[in-house]
Amino acid sequence: METKKNMKLAMLLILSAALMSSLGQLAWKFGADATSNGMAILLYVIGFVLAGLGMVILMIAFRFGDVSILQPMMSIGFAMSIFFGALFLNEPITMTKVFGTLFIIAGSALLGYEGGKDNE
């Protein structure tokens with residue numbers, strides 16, 4: 001039972017890590033498009049902090065679950081990036097992106113299901 005509880009914590013941490021990584025990349029994109037050097041540097045630093053925080057959370061998650069399940073779940077960050085791109089950058093969401101995102105989410109769900117099983 002403790003292993004199952006740890007795996008749920010690990011999956012929650014992975015989702016948090018993916019979110020931080022996606023937000024860091026969004027900050028980098030805003031930095032690349034910034035009109036002043038000062039704003040660009042600030043956004044790059046924010047991006048590095050967020051992405052770095054995501055990697056620290058990822059390392060913590062590895063303490064509670066299997067790398068073979070958790071690392072592929074980081075790909076949910078791709079789905080988050082598509083959502084953030086549409087929300088903040090007015091990037092189009094095409095059918096190809098929708099199907100790709102659905103495959104990513106389905107794969108992450110399968111890994112989550114595998115991680116929720118008792119492996120005893």
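Student: Is Lys 29 buried, partly exposed or exposed?
Tutor: The classes rest on relative accessible area, found with a 1.4 Å probe on protein chains only: buried is under 20%, exposed is over 50%, and partly exposed lies in between. This is a predicted model, in which local features need pLDDT of at least 70 and side-chain atom pairs pLDDT 80 or more, while totals for chains, interfaces and linings use all residues. Residues are numbered from 1 along each chain as its sequence is written, and side-chain values use heavy atoms, with hydrogens and water left out. Lys 29 has a relative accessible area of 35%, so Lys 29 is partly exposed.

Student: Which residue meets the side chain of Lys 29 in a salt bridge?
Tutor: A salt bridge needs a side-chain nitrogen of Lys or Arg within 4 Å of a carboxyl oxygen of Asp or Glu. By this rule the count comes to 1 salt bridge. Its N to O distance is 3.2 Å, and the partner of Lys 29 is Asp 33.

Student: Where do Asp 33 and Lys 29 both lie?
Tutor: Helices are DSSP runs of H or I with at least four residues, strands are runs of E with at least two, and both are numbered from the N terminus. At 46% relative accessibility, Asp 33 is partly exposed. Asp 33 and Lys 29 are 4 residues apart, about one turn of the helix, and that helix is H1.

Student: Which residues does Ser 21 touch, not counting residues up to four places away in sequence?
Tutor: Ser 21 is found in helix H1, residues 2-33. Its relative accessible area is 14%, so Ser 21 is buried. A contact means heavy atoms within 4.5 Å. With residues up to four places away left out, Ser 21 touches Leu 50 and Ala 51.

Student: How far apart in space are Lys 4 and Gly 65, C-alpha to C-alpha?
Tutor: Lys 4 is found in helix H1, and Lys 4 is partly exposed, with a relative accessible area of 32%. In sequence, Lys 4 and Gly 65 are 61 residues apart. In space, C-alpha to C-alpha, the distance is 9.1 Å.

Student: How do the planes of Phe 84 and Phe 88 make the pair stacked, tilted or edge-to-face?
Tutor: Rings of Phe, Tyr and Trp (its six-membered ring) pair if their centres lie within 6.5 Å; planes under 30 degrees apart are stacked, over 60 edge-to-face, and the rest tilted. The structure holds 3 aromatic pairs. In Phe 84 and Phe 88 the centres are 6.1 Å apart and the planes stand at 40°, so the pair is tilted.

Student: Which residues do ring pairs link into a cluster?
Tutor: Phe 84 and Phe 88 are 4 residues apart in helix H4 (residues 76-89), so about one helical turn separates them. Phe 84 is buried at 10% relative accessible area, whereas Phe 88 is partly exposed at 44%. The ring pairs link Phe 83, Phe 84 and Phe 88.

Student: Which element gives the largest share of the lining of the largest pocket?
Tutor: The largest share of the lining, 6 residues, comes from H4.

Student: Is Asn 90 buried, partly exposed or exposed?
Tutor: Asn 90 lies in the loop between H4 and H5. Its phi is near 55°, a positive value in a residue other than glycine. At 70% relative accessibility, Asn 90 is exposed.

Student: Which residues does Thr 101 touch, not counting residues up to four places away in sequence?
Tutor: Thr 101 has its place in helix H5, residues 95-116. Thr 101 is buried, at 13% relative accessible area. Leaving out residues up to four places away in sequence, Thr 101 touches Ala 79 and Ile 82.

Student: What percentage of the residues of the chain count as buried?
Tutor: The chain has 5 helices and 0 strands. Its C-alpha trace spans about 55 × 35 × 15 Å along the principal axes. Of its 120 residues, the buried share is 31%.
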